[in-house]
Amino acid sequence: MRRISIPQVRRTFGFATHARQTCAIAGTAFGTIAKSAAVLVLPAVTMLVVLLMPALMDLGGVPLLPRTAQVLTVLTAPVADNPRPPWVLIPLLIVFCAGELVWRERDAGLSEIADATPVSTWVLFLGKFLGLTLALVVWMALLTTAGVLGQMRMGYFDFEMGLYLRILFGLQLVDYVLFALLIFVVHAVVNRKHLGYLVSLIAFGVISFPSTLGLEHHLLIYGSDPGWSYSDIRGFGPFLGPWLWFKLYWAAWAVLLAVVARLLWPRGTERSLWSRLHLARRRSTCATIGVAATAVALIVTLGGFIFYNTNVLHAYVTTADRMNSGAEYEKRYGRYSAIPQPRLTATTLRVEIYPERRQAEVRGTYRLVNDTGVAIESIHLATAPEIGTRAVSFDRRIARGLEDDELGYRIYALEQPLRPGDTLQLTFEVDFKPQGFTNGGADPSVVANGTHFTNLDWLPAIGYQRNRELNAAGVRRQYGLAPRRPFRSLDDDKARRIRVGGDPIAFEAIVGTSTDQVAVAPGTLRRTWTEGGRRYFHYVTDVPINNAYGVFSADYAVHEEQWTSSAGVAQAPSTREARSGQAIAIQIFHHPEHTGPLGRMVASVRASLDLYTRQFGPYPYPYLRLIESPARGMGVQTEAATIEYGEGFSLLKRGNTPQDLDLVFAVVAHGVARGWWGMQVVPAAVEGGGLLNTTLETYSAMRVVEETLGPEQLREYLQFMRLEYLTPRTRAASPLLRASDSFAYSRRGPFALYAIREYIGKDRVDEALRQLLEKHRSGTPPLPTSMDLYRELQAVTPEQFQYLLQDLFERNTFWELETERATAQQTEAGTWQVTLAVRARKVVVDEAGLETEVPMDDWLEVGVFDEGESYLQKHRIHSGTQTLTVTVPQKPARAGIDPRHLLSELEEEDQNVKAVKIGS
């Protein structure tokens, strides 16, 4: 017998071995994912992002500057709480890949062999999880590559790779990894492949749409957080802190879930939950128990800290709580809505902003005047419930007071009533000292760079505030409140004393901030100085402003120019001051790197002031100020001679050809128009009031675009605005004269004015607007309403088009038009005879949505278009199907009814114009 010597092999199962095994399994798992046909979606999506980047960086046909921060808003989406398409695809791929990895050996029939290998369950679980994590890292790298290539494709080369790394690998990846671990745990616990997929999808649905289940607190929604935001001005601001605390909390939960997955990880032939629970007890080593105990301790500690911030330092307010507060506010104090109150005539503020501490203090004084004609016995004050309002005092004795800080309402009874004509001085202090964070994250009002707050958000207001009431009819019924309209009735004569935005005030403010920042408030800057290591700015208004204004502080660059009128006002010099040579300072406070749109903004301001002062009289302020804020929006908001524009506004590019819409020019012209509509002509706070500011501002901007940039630019601007009509919405609405929604004011109103001008001529509409200004410029009650605008339009509209005014303003009218076919044939004279078969229907819709067809015998445009001049004339059109014949000199290409959509709404598939079929 031959003796065989077997070498002695030292077997080690220490940390190094486990690490090598984990890496090997992770590599195998990653390879499995990489070879999966489903994962081919990721490079396909990457290529689509690159190819579609110009379309993604587009706002209604207006190209956007592909700055990295903007690109990343497209490339990222949260897993929890309403993920955006198409990125909902990634969690679904995670669900698929996690299931395939967990069930890989069992699907191949090798589970018993694999389960018998001397590999720790931790290693099996962790290796597969790391393999999926590595795939997610690769996906983040692909997204980074897609973003950079997309920017290069658009000719942009400032890539900000650090921002890509922080957002995609530091923020987005965490969301995906936490979700991936949850899916591993689901498959480990359920231990049925297809049932595991079903449970995973249900879990994803709960995480994605928690509000449908009444879940709002982020402590209850796996992987959820208050969100984060990034801007060039503010950076991440205060948002990362709350985000990090919640992620650490959910990471602790993830560790605990990983322990559960390890204990229940299926190995061997046993499949029942009872037997695996039995096995889990044997797997519960001291190390496992220690990890689980540490995870539980972290969950309790971190969860307690978050709860302390969100529910103790701050009141946790759900949607239901907010509705309850609104209902209680009205029930408790609604009886004071009509009580006489003094009018605020002047505000003086001393504002101290501490950007580095994210704190601010405001000491203010109000001058109140009793102009009601009756003695006032008590002062009612509405305070901001979230802001600390303290040290309220008066320059006369108070008998008693009521302070309800929960609902933000205070009543101060005066020992001696305030007689008509008497004045009263009210002083107050407001402190903004944020402590911790809320369930919604941190308050961004005061930050290291980019502080912005408004008086409406922070400062006390006089009297009962109707805007705090609940509006929706169903919600009011739910809380036992009487039905009411969002605005007072157009027929309410008493309401014609109440101005939209409140009465004008004199304003003065001293604002202190850090030495490296510029503080901005309404008024002319009288002086600036440095004191105690801080920088101070003193602003005073020369002309009263609307009582809606903001205070800003940031490391602004300031672009300054001056506009001087070249001619006085041509019309009605007896009633309007002619100011030849009137000088207005143009000031733009902007992020130092956002200089792209400055030239177009200044050009728009100049063109707007030229046209508006020529048509409507002088601009009322010695300055016009544009201020950039950290907001991501791309619109503007004008109050107190200040146009505030969001950071996103600086992304708007001018197209490559002169025909491409200059949206920056148009939007700034809209903002400048506020100096006349809303500041000089201030509507009463009744139905239809928005026609006298938003509608007229938008229409005025149309006029500036047309006069300065030409008719082609106006057509592009109108087309841009008409895109909003493609959003599905109900026809049930009030007529324009009684409208109360933003769509009516910003779209239906301007298009109605534009349509009537195309019928009666722009000079007549301009004259109507001048007359409106002449009669209501003083701002004294009774204040103008939509009926005053309507009467001026009636006065300049010929009799034959009075019916159109009624359809556009008095009734909620819709024209349903279709060109069924268009044919043409050449005549012996060489001209072309075009025949149109059109169908027309006209309906009036009431507020309940009831449609009533009305007889139609209206003037509508008929258009025929070719390579040269176009035919565009008005024809009488009646209800039903009819045939029209027109003769044009050139061979026609397209033809139809109401081709410019003056009366009919734009639809996805334009039925108004058809290609012309050439006959024999």
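Start by colouring the protein chain by burial: of its 920 residues, 53% count as buried, meaning under 20% relative accessible area with a 1.4 Å probe, protein chains only. Keep in mind that this is a predicted model, where local features need pLDDT of at least 70, side-chain atom pairs count only at pLDDT 80 or more, and totals for chains, interfaces and linings use all residues. Residues are numbered from 1 along each chain as its sequence is written, and side-chain values use heavy atoms, leaving out hydrogens and water.

Now switch to the cartoon view. You will find 23 helices and 30 strands; these are DSSP runs, with helices (H or I) of at least four residues and strands (E) of at least two, numbered from the N terminus. The C-alpha atoms fill a box of roughly 130 × 95 × 55 Å along the principal axes.

Next, select W87, W677 and F809. These have the most contacts inside the largest nonpolar core, which has 242 residues. Such a core is a set of buried Ala, Val, Leu, Ile, Met, Phe, Trp, Tyr and Cys residues joined through side-chain atoms within 4.5 Å.

Then zoom in on W677. Which residues does W677 touch, leaving out those up to four places away in sequence? Look for F616, L692, N693, L696, E697, S700, L769, L772 and L773; a contact here means heavy atoms within 4.5 Å.

For a last stop, select Y329, Y333, Y409 and Y464. They are among the seven residues of another core, which lies apart from the largest one.

Methods:
Buried < 20%, exposed > 50% of the residue type's maximum accessible area, 1.4 Å probe, protein only.
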